[in-house]
Amino acid sequence: MVQRSSLAVPYQVPVLAVCFLAGVATGLELSVNNHAADFALSTFLAPAVSLSCLVQNSSQAEELLWYRGDGQVDLRDGNKVNISNICISPVTESDNGVTFSCRLARDKSVQVSVVLNVLFAPHLGGEESFQIEENKDVTMSCNTKANPQVQGAWYKDNTTLILQQDRYQLYQTSEVTELTIQNVQKSDNGTYTCMVESSMGNRRKDFHLIVEDKRPAFPTEAVIAAAVVVTLTILFAVVARRDKIFKCFKRSSETAL
């Protein structure tokens with residue numbers, strides 16, 4: 001007689017297998033440079049920075065993936081299983097703020113991310129010379145690229161600029177330091193210096209302002225009035241001589257016949 005208890009085996013084995021896999025996955029985690037959670041890595045401009053990703057608490061071979069932002073990084077075959085290393089070479093200003101992520105291939109929710117914090121001295125740019133008429137406004141923009149963010153100040157002819165509230169406006173963000181002078185006068189002629197400083201160093205940039213005499217306004221209304229007068233004069237002259245013009249035209253026509 002066949003024993004019915006043997007029929008229970010196929011139903012029990014999958015359940016046990018699922019429980020076993022769940023137990024394996026529970027303790028599995030990744031670490032990048034010994035960090036098991038997301039972190040920021042501060043670095044200077046350098047020839048290279050290495051990131052090492054390691055699988056921990058795994059009883060089997062696990063494939064790893066690396067991402068730079070949303071793009072996957074190409075890895076060699078021998079650099080994918082249980083441990084994987086990438087090298088950022090060289091480290092440039094464009095790498096600042098970029099996120100690198102190591103992920104488990106079979107479950108991408110298991111990951112550790114690192115954000116690069118690249119420190120570098122300020123770089124300054126912007127137009128250097130301005131020729132402005134009197135009574136107009138001028139804005140000198142000192143374009144700033146730096147990490148960490150800089151603190152800016154303005155000087156005129158190597159002397160601290162005294163800011164008049166009704167004439168000077170300052171504007172500063174992480175990317176630009178601006179000085180606006182309203183209603184410029186001849187006394188505003190000179191060299192203006194944008195000075196910025198951070199823990200990575202100090203930088204300065206000169207801007208040369210030349211205030212020109214105000215040009216006389218073009219007499220537009222007078223020109224238009226003169227053009228109207230000339231046009232009407234010509235029209236009246238043509239009307240007054242229309243008889244002679246018609247006679248001349250008639251004689252020319254008869255001669256042609």
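Visitor: What does the accessible surface of the chain come to, and how much of it belongs to carbon and sulfur atoms?
Guide: This is a predicted model, and its chain has an accessible surface of about 17,100 Å². Carbon and sulfur atoms hold 56% of that.

Visitor: And what percentage of the residues count as buried?
Guide: That would be 28% of the 257 residues in the chain.

Visitor: Okay, secondary structure next. How many helices and strands are there?
Guide: You'll find three helices and 16 strands. As for contacts with a separation of 6 or more, 63% of them are between residues 24 or more positions apart.

Visitor: Let's go inside. Which residues touch the most other members of the largest nonpolar core?
Guide: Those are Leu-30, Val-32, Leu-51, Trp-66 and Phe-100, in a core of 23 residues. Two or more residues each come from β1 (29-32), β3 (49-56), β4 (64-68), β6 (83-88), β7 (99-104) and β8 (107-125).

Visitor: Which element gives the largest share?
Guide: That's β8, with five residues.

Visitor: What does Val-32 touch?
Guide: Leaving aside residues up to four places away in sequence, Val-32 touches Phe-39, Leu-51, Ser-52, Cys-53, Trp-66, Cys-102 and Val-112.

Visitor: Which cysteine is joined to Cys-53?
Guide: Cys-102 is the partner, at an S to S distance of 1.9 Å. Cys-53 sits in strand β3 and Cys-102 in strand β7, so this bond ties together parts of the chain 49 residues apart in sequence.

Visitor: Why is that one called left-handed?
Guide: Because the torsion about the S-S bond of Cys-53 and Cys-102 is about -80°.

Visitor: Are those two buried or exposed?
Guide: Buried: Cys-53 has a relative accessible area of 0%, and Cys-102 is also at 0%.

Visitor: Now the other bond. Where is the partner of Cys-142?
Guide: Cys-142 is joined to Cys-194, with S to S at 2.4 Å. Cys-142 is in strand β10 (residues 138-147) and Cys-194 in strand β15 (residues 190-198), 52 residues apart.

Visitor: What about handedness for Cys-142 and Cys-194?
Guide: The link is left-handed, with -85° about the S-S bond. Both Cys-142 and Cys-194 are buried.

Terms used. Residues numbered from 1 in each chain as written. Predicted model: local features only at pLDDT ≥ 70, side-chain atom pairs only at ≥ 80, totals over all residues. Heavy atoms only, no water. Core = buried A, V, L, I, M, F, W, Y, C linked by side-chain atoms within 4.5 Å. Buried < 20%, exposed > 50% of the residue type's maximum accessible area, 1.4 Å probe, protein only. Helix = DSSP H or I, 4+ residues; strand = E, 2+ residues; numbered from the N terminus. Contact = heavy atoms within 4.5 Å. Areas by Shrake-Rupley, 256 points an atom, 1.4 Å probe, with all protein chains shown as cover. Disulfide = S-S within 2.5 Å.
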